[in-house]
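Here is a short briefing to read alongside the structure. Take the topics one at a time and find each residue as it comes up.

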Amino acid sequence: MDSTQISRFSLFITFFSCILAFSFGDNSSSTDAHWLLRIKSKLVDPAGVLESWSLRAHICSWNGLTCSHDEAFVIALNLSASTLSGSIPTELWNLVSLQTLDLSLNLITGSIPPEIGRLRNLRTLLLFANNLSGKIPTEIGLLKKLQVLRIGDNMLAAQIPRSIGNLTELRVLGLAYSQLNGSIPAEIGNLKNLVFLDLQHNSLSGFIPAEIHNCEELQNFAASNNMLDGEIPASIGKLKSLQILNLANNSLSGSIPPEISGLSNLQYLNLLGNRLNGEIPWELNHLVQLQKLDLSSNNLSGTINLLNIHLQNLQVVVFSNNALTGSIPSNFCLKNSNLQQLFLAQNKLSGGFPLGLLNCSSLQQLDLSNNNLEGELPPTIDKLENLTDLLLNNNSFNGSLPPEIGNMSNLENLYLFDNMITGSIPVEIGKLQSLSTIYLYDNQMSGSIPMELTNCASLTAIDFFGNHFSGSIPETIGKLKDLVLLQLRQNDLSGPIPPSLGYCKKLQQLALADNKLSGSLPATFRFLSQLSTITLYNNSFEGPLPDSLYSLRNLKIINFSHNKFSGTILPLTGSNSLTALDLTNNSFSGSIPSRLAISTNLGRLRLANNLLNGSIPSELGRLKELIFLDLSFNNLTGEVPSQLSTCQKLQHLLLNDNHFTGKMPSWLGSLQDLGELHLSSNNFQGQVPAELGNCSRLLKLSLHTNNLSGQIPREIGQLTSLNVLNLQRNNLSGSIPPTIQQCKKLYELRLSENWLSGPIPSEIGKLTELQVILDLSRNLLSGEIPSSLGDLLKLERLNLSFNRLGGELPSSLGQLTSLVTLNLSNNHLRGQLPSTFSGFPPTSFSGNDKLCGPPLTSCMDSAGHENNILSSTAVVCIIVAIVFTSTVICLVMIYIMLRMWCNMRKVLISNSSEGGGNGIEQIKREDQERWMYGDEKKRKGEYWRVMSSMALVPSQNHDDHISSSCIFQVKMDTKKLGI
Amino acid sequence: MAPLAVISLSLCFLLPLLSPAISTNSEGNALHALRRRLSDPTNVLQSWDPTLVNPCTWFHVTCDSHNHVIRLDLGNSNISGTLGPELAQLQHLQYLELYKNDISGEIPKELGNLKNLVGLDLYGNRFEGEIPKSFSGLKSLRFLRLNNNNLTGSIPRELTALSNLKVFDVSNNDLCGTIPVDGPFGMFSMPSYANNMRLNGPELKGLVPYNFGC
């Protein structure tokens with residue numbers, strides 16, 4: 001809106017109000033009463049704060065109203081925090097004498113209408129904390145006398161009107177917690193009297209206007225949690241009065257301008273959560289009034305050059321989550337420091353524990369976690385006598401915990417996890433009466449847990465996970481009445497659980513897993529009524545569970561797996577909020593309690609490897625959240641209840657190695673999320689249900705060692721994700737369905753020990769990811785082995801033994817270079833084994849009709865045995881050939897000898913017989929080798945191949961090659977000799 | 001205003017205090033780190049819940065009886081992203097099957113620490129960079145299939161120390177140099193090296209530099 005328009009409008013308003021003033025004259029308070037009663041009628045007032053508004057009383061006595069001294073005008077209307085709702089009544093704009101309007105902290109809706117510009121006497125306008133929406137009207141700029149404007153904490157959107165720059169009397173401007181967008185208008189620089197500017201929690205973007213430096217009176221500037229970007233204007237350093245500067249959580253970039261050191265009155269500087277880079281300017285040391293400084297979560301680098309000896313008023317310093325390097329300066333602190341909180345976590349600080357900090361005896365909280373600090377903790381650490389929180393986790397500190405730590409009597413939280421601290425816990429720790437949390441996990445500490453630790457009466461959380469603590473849990477642990485978390489997992493603790501642990505009545509999480517603890521659970525555990533997680537796995541606990549555990553109603557996670565517990569599991573079913581129960585590998589007996597079904601959020605139920613008997617209670621079908629059901633390796637009997645079909649989220653169903661009977665349930669096909677189904681080693685009968693083909697996410701299907709009969713359903717091919725299929729040891733008959741080729745991800749396929757017949761479908765060759773094994777042994781399979789099996793290049797084990805396979809062994813099997821184990825024995829195979837099979841033992845091929853070649857007898861032998869007449873002619877041929885070739889060789893040699901002899905005679909004079917000698921030796925050696933091969937018939941596959949090809953196909957390439965190379969060599973030699 | 005500011009300050013400190021001290025075993029952490037690197041549009045890694053005691057009940061993960069991970073089967077699973085050094089923490093791993101996916105970046109050299117690895121199938125991805133020399137530390141390795149990737153550089157001669165190597169396939173890459181002839185490399189046939197335009201045939205010791213053409 002241009003200024004002429006505004007001035008015209010304001011002229012009109014002035015004119016209008018003059019007429020109003022004239023027409024109502026000195027009777028204006030009664031006119032106000034008229035408007036106010038209209039206002040009352042329009043506001044929703046559940047608390048009745050407007051009840052006093054009645055013509056029976058004088059207007060100046062009405063609640064929330066203030067009149068002028070002469071009682072002629074209403075000058076203030078204060079209805080703050082009165083639970084008023086409805087929109088702002090238009091009649092309000094007729095109260096032109098109002099100087100103060102306070103409707104803050106109500107539930108008023110609607111927008112702020114442009115008519116607000118009529119209240120030109122307003123000095124204070126407070127509409128904050130309502131549900132106002134819409135935009136801030138431009139006409140707000142007409143309220144020239146306004147000193148305090150607070151309209152934040154509403155749902156006001158759109159931009160801040162530039163007319164706000166007309167409010168030159170303004171001292172307080174509060175627009176926080178709304179949905180304002182656009183940039184901060186540069187006209188804000190016109191507000192010379194502004195002391196307080198709060199723009200926090202909006203969606204303001206763009207730069208911070210450099211003109212802000214004109215607001216010379218500004219003491220508090222807060223624009224945090226917006227989307228401001230660009231650099232911090234250097235001119236901001238001119239705001240000499242500024243005490244608070246909060247620009248946190250924006251997108252400000254660039255470096256922190258050194259000019260900021262001009263803010264000589266600054267007490268609070270917060271720039272956290274921006275994209276500031278570069279070093280922390282040394283000039284910040286000039287901000288001697290600074291009390292709180294937060295530069296965390298930026299990209300600041302370089303070393304810390306800020307010194308507490310300059311900034312003596314500093315109380316809080318937060319530099320966490322930057323890229324600061326180096327160590328903390330040794331002269332960081334003076335003895336009379338006021339520094340209380342120092343947070344330097346998640347940087348790249350290096351060196352040892354900063355001894356420079358030990359002078360900051362005022363320090364209460366110190367966080368150096370997630371840095372690269374190393375070395376031992378100084379024994380003088382107890383100089384930090386006021387410290388309540390010491391966070392040194394995720395560094396590389398080593399050495400032991402200094403006993404002097406017991407002097408830090410105010411210590412509440414001690415975080416030393418993820419370091420390389422060794423040694424034992426000093427007994428002096430027991431002096432720490434305020435200690436609430438002690439996290440020593442992931443270190444190398446050893447020794448026993450000192451009984452003195454249980455003197456720390458305020459302890460709520462102990463985590464010693466992943467150390468080498470030995471000995472027993474202190475018997476006096478029950479003194480820790482406030483203990484909530486006790487985590488001692490993965491140590492070398494032994495002995496029983498002290499009964500006094502049951503007196504830690506606030507305990508919620510107890511983790512003693514992965515130790516060498518023994519004995520039975522103390523009956524005092526019944527007092528742990530708050531307990532929600534108890535993990536005792538991988539220990540040597542034994543004996544029956546105390547019945548009284550049944551009273552623990554808040555248990556959510558129980559893991560007692562891999563112990564020697566015995567008796568019934570009924571005491572663990574008292575809670576109805578179990579989410580995971582794992583008792584794998586114990587000696588629990590009795591039946592599965594149907595009461596487990598009351599924990600309707602149970603997701604994992606694992607009872608494998610116990611001595612449980614009886615049948616699966618049908619009530620388990622109520623466990624709609626069940627993902628994992630493992631009852632394998634028990635003595636369970638009966639049929640699998642059909643009610644389990646309602647556990648539609650089941651991903652793992654493991655019932656193998658029990659005595660289940662009946663048909664294999666077809667409803668299994670409705671479990672769409674099933675990834676693992678193990679029903680093996682039971683007494684299931686009937687067919688493999690075709691419906692299983694619907695479990696398209698199935699990865700492992702194991703039904704082996706049952707009494708299943710009938711054919712393998714062709715629907716098996718629908719299991720396109722399947723990795724493992726094991727149907728061995730059943731009574732399956734018929735042929736292997738060719739659809740199995742669609743199970744392209746199979747890496748393990750076992751169909752052995754059935755009555756499968758017909759040929760091996762050549763489609764199996766398409767299962768190119770088969771790797772672990774293809775086992776079709778001990779069936780009635782017949783026909784030839786399909787040559788496509790040679791495509792299973794990854795296959796490591798192949799077992800086709802004990803079938804009726806016949807015909808020639810396909811040579812393609814020679815491509816199976818990954819094979820480690822091979823068994824083709826006890827079939828009717830014949831033909832020549834591929835040379836790559838020569839390394840397998842003869843038993844791999846035994847019991848066949850006519851297989852030959854290494855490691856079995858050579859095919860020539862077996863061939864000769866059969867056809868005597870043919871072989872005798874072959875022998876004649878060979879003899880003739882040998883005689884012929886040796887004659888040729890002899891002739892050639894004689895020729896060479898002659899040539900050599902001639903040459904020798906020539907060369908003797910020049911005395912160089914070396915090359916010639918070599919030549920002769922070489923020829924001799926080759927000759928010898930050839931004869932050796934000829935004699936040694938059972939030498940190697942390589943040779944055998946050459947010989948056979950020579951015998952059967954006389955003009956083979958190989959032969960040619962040998963002779964040609966011989967000639968070549970001779971030629972070479974003769975050339976050499978010729979020189 | 002002032003109290004608000006103090007709250008924002010103290011939040012930084014309180015956050016770590018509130019977080020519980022939960023640590024799982026290193027193999028689960030390593031696999032979970034892998035999951036974070038991978039994009040998994042078909043949710044094959046959905047069951048990988050890091051809060052479980054170990055990863056042995058996660059799908060596509062196989063453990064031995066001591067709950068150590070021995071197989072990772074993520075072949076043909078539509079996953080993309082990169083591998084990281086944390087896989088080296090799977091010290092008992094025997095089979096790493098990540099074939100036929102869209103995994104890119106370099107093959108982490110830390111994989112060379114997997115002393116028990118028998119089969120390493122990374123074929124059919126978009127791996128680039130060199131075959132790590134550290135693979136010479138895979139003392140149990142029998143099957144190494146790196147074919148159909150974008151690998152460059154020469155075949156590390158250090159691999160000749162892999163005395164158990166039975167299958168070696170680097171075909172369809174962009175490797176260069178010559179092919180080692182010692183150790184198990186005497187056994188591999190030419191298809192193992194096919195379609196590497198800059199690979200120059202068997203090593204000719206002393207006559208031609210090993211990295212000839214690189």
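How many salt bridges are there between chain B and chain A? The count between chain B and chain A is 3 salt bridges. A salt bridge here is a side-chain nitrogen of Lys or Arg within 4 Å of a carboxyl oxygen of Asp or Glu.

This is a predicted model, where local features need pLDDT of at least 70, side-chain atom pairs count only at pLDDT 80 or more, and totals for chains, interfaces and linings use all residues. Residues are numbered from 1 along each chain as its sequence is written, chains are lettered from A and ligands numbered from 1 in the order in which they are written, and side-chain values use heavy atoms, with hydrogens and water left out.

**Where chain B meets chain A**

- One of the salt bridges joins the side chains of Lys794(A) and Glu97(B), at 3.1 Å from N to O.
- The elements that give two or more residues to chain B's side of the contact are α1 (2–18), β3 (69–73), β5 (95–97) and β9 (143–145) of chain B. Helices (H or I, at least four residues) and strands (E, at least two) are DSSP runs, numbered from the N terminus.
- The largest share of that side, 9 residues, comes from α1(B).
- By class, the side of chain B that touches chain A has 18 nonpolar, 12 polar and 8 charged residues. Ala, Val, Leu, Ile, Met, Phe, Trp, Tyr, Cys and Pro count as nonpolar; Asp, Glu, Lys and Arg count as charged; the others, Gly among them, count as polar.
- The contact (heavy atoms within 4.5 Å) takes 53 residues from chain A and 38 residues from chain B.
- About 3,500 Å² is buried between the two chains, and carbon and sulfur atoms give 57% of this area. Buried area is the accessible area (1.4 Å probe) that two parts lose on being put together, summed over both.

**The sheet of 8 strands in chain A**

- An open sheet in chain A has 8 strands in the order β43-β45-β47-β49-β51-β53-β55-β56, with parallel pairing. Two strands pair if DSSP finds at least two bridges between them.
- The edge strands are β43 (685–686) and β56 (850–852) of chain A, and each pairs on one side only.
- Gln685(A) has Asn707(A) as its bridge partner.
- Next, 3 bridges join β45(A) to β47(A) (residues 731–734). Here Gly710(A) is partnered by Leu732(A).
- Arg830(A) has Lys850(A) as its bridge partner.
- Strands of a sheet pair through backbone hydrogen bonds, either parallel or antiparallel.

**Other parallel pairs in chain A**

- β33(A) (residues 564–567) and β35(A) (residues 587–590) pair in the parallel sense over 2 bridges. Gly567(A) is the bridge partner of Phe588(A).
- β35(A) also pairs with β37(A) (residues 611–614), again parallel and over 2 bridges. Gly590(A) stands opposite Leu612(A).

**Side-chain links within chain A**

- Over all chains, the count comes to 21 salt bridges.
- Asp582(A) and Arg606(A) form a salt bridge at 3.8 Å, N to O. Asp582(A) is in strand β34 (residues 580–582) and Arg606(A) in strand β36 (residues 604–606), 24 residues apart.
- The structure holds 21 aromatic pairs over all chains. The rings of Phe660(A) and Phe684(A) have centres 6.3 Å apart and planes at 20 degrees, so this pair is stacked. Rings of Phe, Tyr and Trp (its six-membered ring) pair if their centres lie within 6.5 Å; planes under 30 degrees apart count as stacked, over 60 as edge-to-face and the rest as tilted.
- Phe660(A) is in strand β41 (residues 659–660), while Phe684(A) is in the loop between β42 (676–678) and β43 of chain A.

**Backbone points to check**

- Most residues other than glycine have a negative phi, and most peptide bonds are trans.
- Ala81(A) has a positive phi, near 50 degrees. Ala81(A) lies in the loop between β2 (74–78) and β3 (85–87) of chain A.
- The peptide bond from Pro854(A) to Pro855(A) is cis, with omega near 5 degrees. Pro855(A) sits in the loop between β56 and α3 (859–866) of chain A.
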